Amino acid sequence: MFSFYNHHAIEKRKVTLASMCVERARMLQDQFNASMTHVQAISILISTFHHGKNALAIDQRTFAKYTEKTAFERPLMSGVAYAIRVLHLEREKFERQQGWSIRKMKFEPSLVQEEYAPVILAQDTVAHMVSLDLLSGKEDCDNALRARESGKGVLTTPFRLLKTNRLGVILTFAVYKRDLPSDATPKDRVEATDGYLEGIFDIESLAENLFQQFAGKKTILVNLYDTTNRSQPISMYGSEVYVDKLEHVIALNFGDPLRNHEMRCRFKHKAPLSWLAITTTGSTLVITLLLGYIVFATMNHMAKVQEEYNRMVELKKKAEAADVAKSQFLSTVSHEIRTPMHGVLGILDILLDTDLDVTQQDHVRTAQASGKTLVSLLNEVLDQAKIESGKLDLESVPFDLRAIMDDVLSLFSGKSQENGVELAVYISHHVPDMLIGDPGRFRQIITNLMGNLIKFTEKGHIFVTVHLVEEVMETTDIEREASSRNTLSGFPVPDKRRSWAGFKNIGQDGRNCSLSPDRISVIVSVEDTGEGIPQEAQPRIFTPFVQVGSSISRKQAGTGIGLSISKCLVTLMDGELGFVSIPKVAAGALKRYGSLMWSWLRVARRHSLFSSLLTHLMPASWTSKCLQ
């Protein structure tokens with residue numbers, strides 16, 4: 001990536017250099033061509049108005065004035081001069097007419113030669129050239145001879161100019177006596193030659209002035225070369241010392257086909273650091289490292305999560321195995337203990353039929369009651385084990401709800417009379433006589449419920465009601481408020497409706513949202529006037545082996561497992577449970593579903609069990625909703 005961006009920066013630098021170089025080359029080329037054209041125009045002017053006239057139309061003064069005023073037409077030239085062709089036979093006469101002798105380029109008298117080319121007209125800037133023989137200098141002589149043979153402008157090789165000693169070149173045009181055809185031979189051109197017009201280019205000063213016009217003159221270095229001899233190019237302008245190797249070369253055409261010129265451009269300073277390449281590459285590297293670290297951390301985290309997951313799966317399997325082992329152990333132990341206990345109770349029943357005195361009968365009855373209590377506890381532990389192992393099955397048989405309620409209440413009637421608690425049951429005539437479900441489990445739920453009520457209610461009443469859901473839902477607020485004040489014993493109780501307010505399967509119209517048309521909903525409510533459940537203890541009432549207070553197990557016999565079993569049974573029956581409890585004023589609810597279908601009866605029975613448990617924990621109004 002760094003190479004890519006660095007290469008892009010170099011290419012951009014090349015394009016910039018090429019653009020600047022082309023701009024300078026184009027201006028140099030245009031101005032040189034303009035200068036060449038004007039020199040050619042002066043040569044035509046001299047040929048027209050000077051030669052062939054009896055009286056010369058142009059003298060030195062006129063020529064100097066004219067060339068000075070037209071200097072702007074020749075922006076690259078430092079001066080122009082005209083040299084006339086003089087044969088040796090004409091030299092003496094010519095020198096008398098001019099009033100000076102022909103001299104060589106070194107300002108010495110010219111030697112005898114076949115012909116001469118003394119300067120007779122010169123711009124003021126090169127007035128020192130007047131009387132100098134152009135043919136006495138090697139560069140000028142070669143240039144003049146080649147110009148008159150070709151009929152075109154020709155250039156000299158770069159050389160040191162007179163007086164200034166600066167590097168320059170001379171552009172030479174031949175001036176002819178008459179107009180020559182385009183196909184004239186070199187011999188014809190030599191014979192028709194009258195003189196030579198030269199334009200002097202001070203390359204160094206003129207190029208410097210030209211390039212000064214550019215805003216970026218200090219940005220790049222420009223070199224001009226005469227590359228006629230490729231093996232040994234001649235530097236015409238510019239420094240050979242440079243620090244940047246990047247170079248752009250442009251060929252120049254100055255009108256002389258025998259001479260080649262080039263412009264070479266370089267940046268003055270080294271290429272700066274490509275901050276785009278550095279920052280982009282650095283940023284990409286950092287991002288790549290961060291992404292790599294993120295990927296590595298993610299993979300590492302995934303590996304740890306997978307390892308932790310595998311460990312948790314293993315622990316879960318061990319926990320499940322331990323739970324199964326515990327349940328199996330409880331089931332086995334409960335079953336093995338219960339079997340001999342039935343034998344003990346049977347022997348005690350037989351023993352009561354024998355001749356025993358009063359004291360012995362009292363001892364046997366005490367042992368018999370203790371054995372029954374132990375069997376009941378073993379049954380609860382066995383039920384809990386079956387529920388946890390998922391092996392508890394419910395029956396689906398017809399049963400009489402009213403008969404079960406009568407049997408259960410008859411069991412507790414004696415105890416309620418001893419405590420001075422009023423016990424009553426009301427079943428609406430809208431409730432069907434027969435339901436389908438598990439009568440044993442329903443009886444167990446009601447028994448647990450009533451047992452809890454008897455334990456924790458010291459005064460007041462215990463009241464069980466069974467209604468259709470539609471009946472209780474249609475009750476007005478005034479009737480409910482009156483029923484809360486006018487209770488069986490006169491003690492206040494909470495609003496029963498609050499105990500089933502959270503039931504999900506009861507719609508706003510009081511009907512079960514999931515029932516088919518041949519089913520009905522029944523609410524079983526139980527209320528008591530016991531001491532109630534403290535607010536802080538309500539969230540844990542369904543936890544196995546946990547009671548409301550630490551003193552409960554000492555005051556009242558119990559293990560705290562009844563509510564947990566009831567909750568599980570209600571869940572198995574797909575029912576809903578609810579309760580409301582206020583210390584000193586409480587109510588509990590059990591919602592129960594029942595119908596001719598066994599599955600709804602299971603739901604109802606499960607709700608009844610929950611209701612029983614809630615009543616045991618607090619004085620409350622308990623409600624059970626049943627589909628029947």
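**Close-up views of the sheet and helix packing**

**View A. Four strands make up an open, antiparallel sheet in the order 10-9-12-11.** In this predicted model, local features need pLDDT of at least 70 and side-chain atom pairs count only at pLDDT 80 or more, whereas totals for chains, interfaces and linings use all residues. Residues are numbered from 1 along each chain as its sequence is written, and side-chain values use heavy atoms, with hydrogens and water left out. Strand 10 (234-237) and strand 11 (247-252) are the edge strands, each with a single partner, so one side of each has no neighbour in the sheet; strands are DSSP runs of E of at least two residues, and helices are runs of H or I of at least four. From one strand to the next the twist averages 30°.

**View B. Strand 11 pairs with strand 12 (residues 261-267) in the antiparallel sense over six bridges.** Two strands count as paired if DSSP finds at least two bridges between them. Glutamate 247 stands opposite arginine 266 of strand 12.

**View C. Helix 1 (residues 2-49) lies across strand 9 (220-226), strand 11 and strand 12.** Helix 1 runs at about 25° to strand 11, with angles taken from 0 to 180 degrees between N-to-C directions of axes fitted to C-alpha atoms, for helices over the stretch in contact, where contact means heavy atoms within 4.5 Å.

**View D. Helix 7 (residues 275-352) and helix 8 (residues 358-389) pack at about 155°, with axes 8 Å apart.** The two helices are therefore roughly antiparallel, a term for angles over 145 degrees.

Technical notes
Angles under 35 degrees count as roughly parallel, over 145 as roughly antiparallel, 65 to 115 as roughly perpendicular and the rest as oblique.
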